Amino acid sequence: MSETTPQHENPPPPDGIRTTGADAPGDLPRAPLAEARGTGRIGDKIFLGLSRGAGVTLLVIMAAIAGFLAIRASHALSANEGNFLTTFTWDANANPPVFGIAVLLFGTVVSSIIAMALAVPIAIAIALFITHYAPRRLSGPIAYVIDLLAAIPSIVYGLWGGLFLVPHLEGLYKWLDDYLGWTKIFAYHDGAARSLFTVGILLAIMILPIITSVSREVFRQVPRMHEEAALALGATRWEVIRMSVLPFGRSGVISASMLGLGRALGETMAVATVLSPSWDIVPSVLDAGGGTFAQNIASSFKEASGDMGKDALIASGLVLFVITLVVNGAARLVIARRKEYSGANA
Amino acid sequence: MSNLVKDRPAVTGSAPRPGSLRQPRLPRWAPAAFALGSAVVGVAIGLVAGLDSRIQWGLIAALVFVLGSYIASTVVEGRRQAKDRLATSLVWVAFLLAVIPLVSLLYETVKRGSKALNADFLNHSMAGMLDDQAGGGVYHAIIGTLEQVGLATAIAAPIGLLTAIYLVEYGRGALAKAVTFFVDVMTGIPSIVAGLFILSFWILWLDFDYSGFAGAMALAILMMPVVVRSTEEMLKLVPNELREASLALGVPKWRTILKVVLPTAIGGIATGVMLAVARIAGETAPIVLLVFGSKTINNNPFEDPQSSLPYYVYEQWTAGQDASYDRAWAAALVLIAFVMILNLVARGIARWKAPKTGR
């Protein structure tokens, strides 16, 4: 079929139809000739209406999520006797209810920071491995294996983390305590290793695939000429990466990391199975205690009696929603500046 | 090799022999030898010092490998080559670090899951079972998962498909931009937040009861953006010549989309939908909030609590008995198998029916 179209004044772009504007196929039927034809116009209108309606439905859902959460949250907040931001307890079922998100905010931020600190360097390294280091025949299967990591349900990570990882980390934590215990941050008093640090390790494993797959796409887009120029100047492979690959991919890697951060902030079951929560801020990241937004919602839900208990959880969910919205929105804006990175749908 | 980017002459003890342009290099087998050596050192230190955690053995071996090859390379090949080798070994170590958890997770799940897994496990429910009793099964959970995921797909797939068609075939202007942006943002909504939304809308406001359908709605919210994104990518791959040829024959646009564009991309679209199904099949948080869990068989997703595979794993884990742990692992194995089969089939379809991209 393509042989019959010999003249290409401007050949159609391989992708990115949405971004190219006037010469996209969507404009064709609006040309006057098509407008004049009677057949199909009603069908066209119905079809356009349906598909536009679906798009609008998505927007309505997003607005409804924000709206409904906000309404329920405002019920809870107006009845709350404690300070929502600084209270260290969660007695939403009590009368009057007293609850606050201080511990949850702290736990969520700390566990996500740990996860990011562990996952981002490793994910970048794996992306480099797949694009620049691995033998060509292996790089496809390796990328596939990393993507499989993403397909494993979070509850299975949680089960593995709770029953396999936790017992295996105790030795490591004792060792960290011996040498870094004086910092207080890495102090470890005996007990199960059900701490924010364990959560961070598990979250790191879980967000590796998304950071890797987006970074990989970015690194693949580095102009071949840049790399060959550097090689021709005698640069070693590492120098090529440092001088041409990393600077080119920086914004992509940043947004990939933020997508990963969004996942880590909202992860529920893996945290709920691994962490042994408490309503205080533990100075050491290795000691059990603390909590995260999502974990608290999942584990307190069955005890939440009546509307007030649930509304309080919804209020904390709203905070989580806003945080992830900001993080994801920022990441997408960075990506949108370089539209060609198509790996963002992983 | 010396008039280079950094213009730094080859430093270190082993300067190139006069008259030779070649710098001394480590032999090709050196990295493998270092890897073997450091593994031995790691095990030896671990055994001698009596470290009980295998993780430490591995970390020591990795450290020895990275430092050893760096030092050896500095001595023999010079600083720049050594840095290159350092980067290479760090990248390899990072890759291995990422593979270990995957292998361990799959191994543990298969090993511990196969203990309780048998035909009885698959066709019995947990009705009347105590937590510390061996036996029982996941039949009710499988029914729940299939029904909830099926309903979610029935809601999300058409909306997602139409949205993608809108964005690719019609989308222009502010609305399309807004939809694109919010689809992207929607991808990142935590599953628990989707659950809370349906909770406040369907259960607290409209006053319905916990049911499989409530869970399916939350799952549909999680599924929609994934379907939109993957379908969009696939539709963009359909060559414009096909559309133009059809339109030039006077075929209305909607028939062009239905009869030309969609059939061309159908393989990729099916793959995207199946990957989305695989993703929501493992979601637990919305089920905890909306379906509430049940130990008995409930075939009606529109009324009364149900169970689901991921919820079942969580429930059995929470019970905290040896017998329930066995069941949790077995159910996890069933869940992984289900998700992996979906994944493999989806990728098989993708390979088999890859859209024909022009020439």
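Q: Over which residues near the end of chain A does pLDDT stay under 50, and how many contacts beyond four places in sequence does the model have for them?
A: This is a predicted model, and pLDDT gives the predictor's confidence in each residue, from 0 to 100. In chain A, residues 341–346 stay under 50. For these residues the model has 21 contacts beyond four places in sequence.

Q: Which other stretch of chain A has pLDDT below 50, and what is the mean for chain A?
A: The mean pLDDT of chain A is 81, with 85% of its residues at 70 or more. Residues 1–38 of chain A are below 50, and this stretch has 36 contacts in the model beyond near neighbours in sequence.

Q: In which helices of chain A is confidence lowest and highest?
A: Confidence can be averaged over each element. The lowest mean in chain A, 40, belongs to helix H1 (residues 17–20) of chain A. The highest, 91, belongs to helix H4 (residues 102–133) of chain A.

Q: How many helices and strands does chain A have, and what pattern do they follow?
A: One counts the elements, then reads their order along the sequence. Chain A has twelve helices and two strands. The order is α-α-α-β-β-α-α-α-α-α-α-α-α-α.

Q: What share of chain A is buried, and what share of its contacts join residues at least 24 apart?
A: A residue is counted as buried if 20 or more other C-beta atoms lie within 10 Å of its own. Of the 346 residues in chain A, 50% are buried. For contacts in chain A, take those between residues at least 6 apart in sequence: 74% of them join residues at least 24 apart.

Q: How many residues of chain B are in contact with chain A, and which helix gives the largest share?
A: An interface is read from both sides. Here 98 residues of chain B contact 89 residues of chain A. On the chain B side, helix H3 (residues 79–116) of chain B gives the largest share, 18 residues. By type, the chain B side has 64 nonpolar, 17 polar and 17 charged residues.

Q: What are the domains of chain B, and how many residues join them in contact?
A: The domain assignment gives domain 1 (30–115) and domain 2 (139–352) of chain B. Their centres, taken over C-alpha atoms, are separated by 40 Å. Six residues of domain 1 of chain B are in contact with six residues of domain 2 of chain B. The domain 1 side of this contact has one nonpolar, three polar and two charged residues.

Q: What does UniProt list for residues 142–346 of chain B?
A: An unreviewed UniProt entry lists them as "domain: ABC transmembrane type-1". In the model, this range of chain B is 80% helix and 0% strand, and its end C-alpha atoms are 20 Å apart.

Definitions and conventions
Residues are numbered from 1 along each chain as its sequence is written. Chains are lettered from A and ligands numbered from 1 in the order in which they are written. This is a predicted model: local features need pLDDT of at least 70, side-chain atom pairs count only at pLDDT 80 or more; totals for chains, interfaces and linings use all residues. Two residues are in contact if their C-beta atoms, placed from the backbone, lie within 7 Å. Helices (H or I, at least four residues) and strands (E, at least two) are DSSP runs, numbered from the N terminus. Ala, Val, Leu, Ile, Met, Phe, Trp, Tyr, Cys and Pro count as nonpolar, Asp, Glu, Lys and Arg as charged, and the others, Gly among them, as polar. A residue is buried if 20 or more other C-beta atoms lie within 10 Å of its own, exposed if 12 or fewer, and partly exposed in between; C-beta atoms are placed from the backbone. UniProt positions are given in the numbering used here, feature names are shortened, and annotations may be inferred rather than shown by experiment. Domain bounds come from an automatic or database domain assignment.
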